[in-house]
Amino acid sequence: EHLGRVADASGVGASFWQGKAVLELGAGCGASGLALAAKGAIVTLSDRPALLPLLERNVALNEGLNVSVCTLAWEDAEASDFHRSNHVGETSGSTANGQRLAFDI
């Protein structure tokens, strides 16, 4: 919410984020990414495996946002690991460094 207010106060407004792809590395609870998704961004939240359940829960609590969650070892990541070919609400069959990508869980 705060991030959204900052964007609005700067004169950028919510339309700036509409349709923009955002990758949040080390998302933690996902608050920043969820705030941008509420402004219309297409967000991928990523963090270590231990935080995946928290991210998935917070995405589920914020239904209707265009957010995906993935576990990823960033040091081994390639840009192609974040390609989203599926629509919101579907689960991808692709993997990122051996981890399954899940959308809108």
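A: Begin with the secondary structure: helices (H or I, at least four residues) and strands (E, at least two) are DSSP runs, numbered from the N terminus. The protein chain has three helices and five strands, in the order α-β-α-β-α-β-β-β from the N terminus on. This is a predicted model, in which local features need pLDDT of at least 70 and side-chain atom pairs count only at pLDDT 80 or more, while totals for chains, interfaces and linings use all residues. Residues are numbered from 1 along each chain as its sequence is written, and side-chain values use heavy atoms, with hydrogens and water left out.

Q: What percentage of the residues in the protein chain is buried?
A: Buried means under 20% relative accessible area, exposed over 50%, and partly exposed in between (1.4 Å probe, protein chains only). Of the 105 residues in the protein chain, 36% are buried.

Q: Which residues have the most contacts inside the largest nonpolar core?
A: In soluble globular proteins, nonpolar side chains tend to be buried together. A nonpolar core is a set of buried Ala, Val, Leu, Ile, Met, Phe, Trp, Tyr and Cys residues joined through side-chain atoms within 4.5 Å. The largest one here has 14 residues, and Val22, Leu36, Ala41, Val43, Leu45, Val59 and Val67 have the most contacts inside it. Two or more residues each come from helix 2 (31-38), strand 2 (42-47), helix 3 (52-61) and strand 3 (67-71). Helix 2 gives the most, with three residues.

Q: Which residues does Leu45 touch?
A: Contact means heavy atoms within 4.5 Å. Leaving aside residues up to four places away in sequence, Leu45 touches Glu24, Ala27, Gly30, Gly33, Leu55, Val59, Val67, Ser68, Val69 and Cys70. Across the protein chain, 44% of the contacts with a separation of 6 or more are between residues 24 or more positions apart.

Q: How many disulfides are counted?
A: A disulfide is a pair of cysteine sulfur atoms within 2.5 Å. The count by this rule is zero. As for individual cysteines, Cys70 is buried at 2% relative accessibility, whereas Cys29 is partly exposed at 38%.

Q: How many aromatic pairs does a search of the whole structure find?
A: Rings of Phe, Tyr and Trp (its six-membered ring) pair if their centres lie within 6.5 Å; planes under 30 degrees apart count as stacked, over 60 as edge-to-face and the rest as tilted. The search finds one pair. The ring centres of Phe16 and Trp17 are 4.9 Å apart and their planes stand at 90°, so this pair is edge-to-face. Phe16 is partly exposed, at 37% relative accessible area, while Trp17 is buried, at 19%.
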